[in-house]
Amino acid sequence: MALSKIWGAFIIVSIFAAVITCVFVPGGKDVFSKMVVGKAGDTTHSQTIDSAKLSPVVAKALLTNKEYKDDDTKYAKTADGKFITYKEQGVDGILATCTSAVNLCIGLIGIMALFMGFMSIAEKAGGIRFLSRLIQPFFSKLFPDIPDGHPAFGHMMLNFSANLLGLDNAATPFGIKAMESLQEINPNKETASNSQIMFLCLHASGLTLIPVSIIALRAKQGALNPTDIFIPCMIASFVATIVAMLVVSYKQKINVFQPVILGWVLGISALIALLVVYVHHLDKTSMDSFSGMLSNGIILLIFLLIAIGGLYKKVNIYDAFIEGAKGGFETAVRIIPYLVGMLVAISMLRTSGVFDFILNGMQHLFAACGFDTRFVKGLPTALLKPLSGSGARGMMVDTMKTYGADSFAGRLSSIFVGTSDTTFYVVAVYFGAVAVKNIRYSIGAMLLADLAGIITSILLAYLFFGSAL
């Protein structure tokens with residue numbers, strides 16, 4: 001019911017906001033078209049503008065660049081030297097979002113088939129049971145409802161490992177397989193179990209050791225040191241994960257001060273500290289090489305170990321792969337309705353102007369309270385992250401383009417993207433994959449972890465980059 005209420009609230013609030021925009025906001029008559037048939041990149045309100053009317057900031061920017069963006073308004077200099085202004089839609093409307101959601105699921109089919117296929121080999125060869133026994137002493141304390149030796153332990157471990165290395169493509173199929181394993185022992189198939197909630201909240205908190213994709217995007221945008229957000233991202237995502245564990249443990253009455261839990265948490269903390277010390281002494285080229293070798297090398301190592309283990313156990317590894325790959329295909333197709341529903345609601349929220357209204361209100365509030373408002377320029381990325389991973393990445397790139405990759409806002413937005421996973425996407429995909437309808441307090445716990453990550457990211461940005469403009 002919680003997800004149903006949130007989904008319904010998104011739609012109702014969006015439509016009311018669109019009506020208000022249409023009636024009271026100058027130039028808002030096209031809001032309904034933007035919401036329904038609009039596409040990202042569509043332009044409206046194009047007109048030529050006198051250069052004398054340009055602000056000094058815009059005029060200076062257009063001397064070195066062809067375009068300048070101010071929220072959804074763009075300024076450009078044409079080939080014949082004229083200046084024009086126009087509005088650009090930043091997100092797809094309802095119809096285009098439906099197509100994008102289906103395309104996203106289609107894009108997942110190959111990845112899901114690949115990893116589910118290898119996982120099928122690992123299960124038949126006993127690899128998942130071995131991994132389950134390895135991690136069970138720790139996980140059995142956080143997941144007391146899971147029987148000893150259950151394969152879900154191994155599936156969850158693979159998912160968390162993929163997240164740690166920033167391997168989004170691998171984390172999704174491993175995570176869905178973990179949810180399916182947990183669903184097998186769920187007594188109420190339509191209601192999320194305690195174990196499913198704990199797993200998904202820890203997954204959504206997004207503990208990442210190496211934010212490979214963020215570093216690559218920063219390098220592409222011309223950052224002098226693309227890896228300088230590495231340590232803040234790691235610390236912020238670790239804080240979000242700890243908060244997620246504490247919140248869910250409190251709800252489920254789990255004692256987190258048990259020696260085993262404390263030992264694992266402190267061990268992971270030590271590992272992160274050692275990695276920070278090692279990476280801190282690497283130059284950019286070495287860092288890029290190290291991150292690429294570690295993340296991609298781990299995938300190849302997993303494939304190698306699974307293939308060798310399957311042959312050793314005399315498993316027909318090709319047939320096992322095909323059997324698992326078929327399941328991956330079916331899962332990718334099954335989540336389409338859930339993803340369409342969630343992404344459409346998020347699209348309406350953004351195209352109706354609700355998102356901009358919240359952001360502007362926060363900026364005025366912090367300014368009125370006398371706070372340093374530099375962090376507000378990076379907040380759009382933080383607010384988008386729970387709603388849309390691709391949207392948050394796009395906002396991060398746009399922030400770097402507008403203010404500079406090495407600006408305070410550019411660095412902060414990068415940390416935001418690396419702090420946690422996409423809450424509503426995770427809920428739609430993972431619970432949708434197992435047809436769970438009552439998600440209980442999952443979203444509340446995830447959003448609390450997101451909030452902890454956002455606050456930590458802001459504090460770390462001031463600590464590490466406070467002198468940046």
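In the hairpin formed by β3 and β4, where five residues lie between the strands, Gly 81 adopts a positive phi near 90°. Helices (H or I, at least four residues) and strands (E, at least two) are taken here as DSSP runs, numbered from the N terminus. The model is a predicted one, in which local features need pLDDT of at least 70 and side-chain atom pairs count only at pLDDT 80 or more, while totals for chains, interfaces and linings use all residues. Residues are numbered from 1 along each chain as its sequence is written, and side-chain values rest on heavy atoms, with hydrogens and water left out.

Strand β3 (residues 73–77) and strand β4 (residues 83–88) pair in the antiparallel sense over five bridges; two strands count as paired if DSSP finds at least two bridges between them. Within the pairing, Lys 74 is placed opposite Tyr 86 of β4. Strand β3 is mostly covered, with four of its five residues buried. Burial follows relative accessible area, computed with a 1.4 Å probe on protein chains only: buried is under 20%, exposed is over 50%, and partly exposed is in between.

Salt bridges come next. A salt bridge is counted where a side-chain nitrogen of Lys or Arg lies within 4 Å of a carboxyl oxygen of Asp or Glu, and the whole structure holds eight of them. One joins the side chains of Glu 180 and Arg 334, at 3.2 Å from N to O. This pair connects distant parts of the chain, with Glu 180 in helix α7 (residues 168–184) and Arg 334 in helix α13 (residues 317–334), 154 residues apart. Glu 180 counts as buried because its relative accessibility is 17%, and Arg 334 counts as partly exposed because its value is 35%.

A salt bridge also forms between the side chains of Glu 190 and Lys 437, at 3.9 Å from N to O. Here the partners are 247 residues apart: Glu 190 sits in the loop between α7 and α8 (194–205), and Lys 437 in the loop between α19 (423–433) and α20 (442–465). Glu 190 is partly exposed because its relative accessibility is 45%, whereas Lys 437, at 56%, is exposed.

The side chains of Asp 228 and Arg 411 form a salt bridge too, at 3.0 Å from N to O. Asp 228 lies in the loop between α9 (212–220) and α10 (230–251) and Arg 411 in helix α18 (residues 408–417), so the pair ties together parts 183 residues apart in sequence. Both Asp 228 and Arg 411 are buried. These two belong to a network of salt bridges that links Arg 218, Asp 228, Asp 406 and Arg 411. The loop between α9 and α10 also contains Leu 224, which counts as exposed because its relative accessibility is 76%. Leu 224 and Asp 406 are 182 residues apart in sequence, yet their C-alpha atoms are 7.1 Å apart in space.

Rings of Phe, Tyr and Trp (its six-membered ring) pair if their centres lie within 6.5 Å; planes under 30 degrees apart count as stacked, over 60 as edge-to-face and the rest as tilted. By this rule there are 13 aromatic pairs. In one of them, the rings of Phe 138 and Phe 139 have centres 5.6 Å apart and planes at 45°, so the pair is tilted. Phe 138 is buried, with a relative accessible area of 7%, and Phe 139 is buried at 3%. Both rings belong to an aromatic cluster formed by Phe 138, Phe 139, Phe 143, Phe 153, Phe 160, Phe 199 and Trp 264.

The largest share of the lining, eleven residues, comes from α12.
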